[in-house]
Amino acid sequence: MAKIVGVSGSLRRGSYNSALLRTAAELMPAGSELRIETIEGIPLYNGDVETAEGIPQRASELKKAIAGSDGLLLATPEYNNSIPGVFKNAVDWLSRPPADIKSVFGGKPVAIMGASPGGFGTILSQNAWLSVLRTLGTNPWFGGRLMVSRAASVFDESGKMTDESIRKQLQQFLSGFVAYCSRGQ
Ligand SMILES: Cc1cc2nc3c(=O)[nH]c(=O)nc-3n(C[C@H](O)[C@H](O)[C@H](O)COP(=O)(O)O)c2cc1C
């Protein structure tokens, strides 16, 4: 059983990226599961807080979930052609202390997908993640890409994916990523 942890980089209730992740959970291939985790509750990184209080509870829980998973699926929005600050901030906390990076991220299969109301479907944000993933020593999956553009016409108001062709693309994407995560199992 491949256990994948999924994280959305948006805190918005009506987030397209969170909706994309929820749809992914429905479409996971047989013999795999997607556990959806949240970055909600992770404060802004502050080295003084880290020194005085250590790692915030939500960040510690998320580190543990990722460390125990077979793969990590990021659903990233794009802000100003890059990674949204709240998402990067969360991953910055997850990378503390540096001694834990190897057990949390080292060699971890990671896939990136994203949704945007615009026409480019988070392509630049996905690119921006690559240097972070390299720095953390992950093992990114490059076997497929999923950039959901014009998201307002892909999801209905309740966040349900109504576009059948994107659903098929997502299913294929997940099947490729899970196969990658299951190698050697
Ligand atoms: C500060 C800010 C910057 C944005 N910049 C971009 C951008 O560069 N490219 C893009 O496609 N969408 C951009 N958007 C629109 C987001 O894609 C849109 O708000 C999207 O719904 C965010 O993802 P979510 O639905 O998961 O919250 C931006 C939104 C904000 C708030």
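Which residues are around the ligand?

**View 1. The shell of residues around the ligand.** In this predicted model, the residues around the ligand are S10, R12, S15, Y16 and N17, together with P77, E78, Y79, N80 and N81, and finally S116 and P117.

View 2. At S10, a polar side-chain atom lies 2.7 Å from an oxygen atom of the ligand, while at E78 an N or O atom in the side chain is 3.0 Å from a nitrogen atom of the ligand. N81 takes part through its backbone, a polar atom of which is 2.7 Å from an oxygen atom of the ligand. Taken on its own, the ligand has 620 Å² of accessible area, and the protein covers 69% of it.

**View 3. The largest cavity and its lining.** A search of the whole structure finds one cavity of 30 Å³ or more, and the volume of the largest cavity is about 70 Å³. Its lining is made up of 14 residues, among which L72, L74, V91, L94 and F105 lie nearest the centre of the cavity. Helix α3 (57-67), strand β3 (71-75), helix α4 (85-94) and helix α6 (123-135) each supply at least two residues of this lining, and the largest share, four residues, comes from α4. By residue type, the lining of the largest cavity consists of 14 nonpolar residues, with no polar and no charged ones.

**View 4. T138 in the loop between α6 and β5.** T138 is found in the loop that runs between helix α6 and strand β5 (139-140). Because its relative accessible area is 11%, below the 20% under which a residue counts as buried, T138 is classed as buried. A polar atom of the T138 side chain lies 2.9 Å from the backbone oxygen of L133.

**View 5. S32 in strand β2.** S32 lies in strand β2, which spans residues 32-37, and with a relative accessible area of 11% S32 is buried. The side chain of S32 has a polar atom that lies 2.6 Å from the backbone oxygen of P29.

**View 6. S69 in the loop between α3 and β3.** The place of S69 is in the loop between helix α3 and strand β3. S69 has a relative accessible area of 7% and is therefore buried. S69 and S8 are 61 residues apart in sequence, and their C-alpha atoms are 16 Å apart in space.

**View 7. G47 in helix α2.** G47 is placed in helix α2, which is made up of residues 47-53.

Terms used
Residues are numbered from 1 along each chain as its sequence is written. This is a predicted model: local features need pLDDT of at least 70, side-chain atom pairs count only at pLDDT 80 or more; totals for chains, interfaces and linings use all residues. Side-chain values use heavy atoms; hydrogens and water are left out. On a 1 Å grid over the protein atoms alone, a cavity is a set of points where a 1.4 Å probe fits but cannot get out, and a pocket is an open set with protein on both sides within 12 Å along at least five of seven lines; lining residues have an atom within 4 Å of a point. Grid points are joined across faces, edges and corners, and a volume is the space filled by probe spheres set on the points. Ala, Val, Leu, Ile, Met, Phe, Trp, Tyr, Cys and Pro count as nonpolar, Asp, Glu, Lys and Arg as charged, and the others, Gly among them, as polar. A residue is near a molecule or strand if one of its heavy atoms lies within 4 Å of it. A polar contact is a pair of N or O atoms within 3.5 Å; within protein, one must be able to donate a hydrogen and the other to accept it, and residues adjacent in sequence count only if both atoms are side-chain atoms. Accessible areas come from the Shrake-Rupley method with a 1.4 Å probe; for residues, only the protein chains shown count as cover. Buried means under 20% relative accessible area, exposed over 50%, partly exposed in between (1.4 Å probe, protein chains only).
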